[in-house]
Amino acid sequence: MPAAAQAPKAPSPRTGLLLTGGGARAAYQMGVLEAIADLRHACGASRQPNPFPIITGTSAGAINAAALACGADDFDRTVRRIARVWRQFHAGQVYGADPFSVMRSGARWLTLVSLGWALARWRRLRPRSLLDNAPLEKLLAKMVPLMRLPRLMHKGHLTALAVTASSYSSGEHVTFFESAQAVQPWVRSQRKAVRDHITHEHLLASSAIPFVFPAKGLAIDGHTEYFGDGSMRQSAPIAAAIHLGAERVLVIGAGRMHEPQGDSAAAPTANYPSLAQIAGHALANIFLDALSVDVERVKRINHTLSLIPEEKRLHSPLRPVELLVIAPSQRLDAIAARHVGDLPGPVRAMLGALGVTTNMADVRGAALASYLLFERGYTQELMALGRKDTLARRAEVCQFFGWKDTGTELRTGLHR
């Protein structure tokens, strides 16, 4: 009697990657991705295709996402290449940090705030931002070769790339996406998707932290709108990956999802908050809160779907989405407080006027600096934390990707 035919192996679920925003905090993402690349090799899966055919990103996460997408034909090498940039970062690669640049942007902005906008109108001075991110344009030209995307999609290495930005002109949250497949753009309340060729201008718009970096003009629907950081008004960060076909999504955050009770750094104080504390609090609201809410929403939907009998679910377009969320286990504000002194002198002086100090115990004051600390001491510490947090969940990561963990020791030096 002939042996029974072996059942064909079910295809792996389409995996999406979401990289969130947070300025210099996005260094943490590269530590996570380095650990994933090492685990992939240790599990004998390094010859498998790109683990993230669907890549989405917001703010600085959009830059990491686009750089990763541009090397989708060699995931390990691309991760190492991007990580080298983050490991050797200095602020001057992202924004003008010399005395002249700071005086031209930040000092003028602060002066006009103190003297009043009436004087600004009288002198016809319209400061656009605290810092000038013109150097970032040059870095993107080297770090993110977007001209590779069409070929990578044609060859099947990448299915879709999406980056998000927030329109100051219309108030809408817009996801710009480039896809190898026919995807109908989606429209929801105060947010929509636009099919487009992703450019460096889209990345600059998505990463334009409000007040800190200038808005970017983008052509949309036959006219120009000005866009800022995509984390603003982003009510559903995970939605883009799902709309683009992801059945499971790895979410890499850039801040702790929840502050533990009894955290002394988070304990309330009786002192009046500085401008830096207020700004840091506002940015945390922009970058962190929406992600936490969306993760909880997806989990609730998954739970609700699990209560529906399987035979009825098969006749419904609704499907559960598997989530794996990796976020910092430590307060990045506290890490930033140890590195404020690494900032260039002119930038440190300007932030000092807002209340940022070099006191390592001033965690709240360092919150604003945590987004601007593009200095290698800080970025390397965040990358090490990302690697540590990921390897602490080794079994969970391997299960998510369907990799067989043989317990092989990770290659040392792969991430250097």
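How many cavities of 30 Å³ or more are there, and which residues line the largest cavity?

Reply: The model is predicted, and the values below are computed from it. The count comes to three cavities of 30 Å³ or more.

The largest cavity holds about 140 Å³ of space. Its lining is made up of 14 residues. Those nearest the centre of the largest cavity are Ala60, Ile63, Val94, Leu136 and Phe374. Two elements, helix 2 (60–69) and helix 6 (134–143), each give two or more residues to this lining. Helix 6 has the largest share, with three residues. By class, the lining of the largest cavity contains 11 nonpolar and three polar residues, and no charged ones.

The second largest cavity comes to about 80 Å³. The residues that line the second largest cavity are Leu18, Thr20, Gly21, Thr58, Ser231, Gln234, Pro237, Ile286, Phe287, Ala290 and Leu291. Helix 10, which spans residues 275–306, contributes four residues to the lining of the second largest cavity, the most of any element. Here the division by class is six nonpolar and five polar, again with no charged residue.

Definitions and conventions. Residues are numbered from 1 along each chain as its sequence is written. This is a predicted model: local features need pLDDT of at least 70, side-chain atom pairs count only at pLDDT 80 or more; totals for chains, interfaces and linings use all residues. Side-chain values use heavy atoms; hydrogens and water are left out. On a 1 Å grid over the protein atoms alone, a cavity is a set of points where a 1.4 Å probe fits but cannot get out, and a pocket is an open set with protein on both sides within 12 Å along at least five of seven lines; lining residues have an atom within 4 Å of a point. Grid points are joined across faces, edges and corners, and a volume is the space filled by probe spheres set on the points. Ala, Val, Leu, Ile, Met, Phe, Trp, Tyr, Cys and Pro count as nonpolar, Asp, Glu, Lys and Arg as charged, and the others, Gly among them, as polar.
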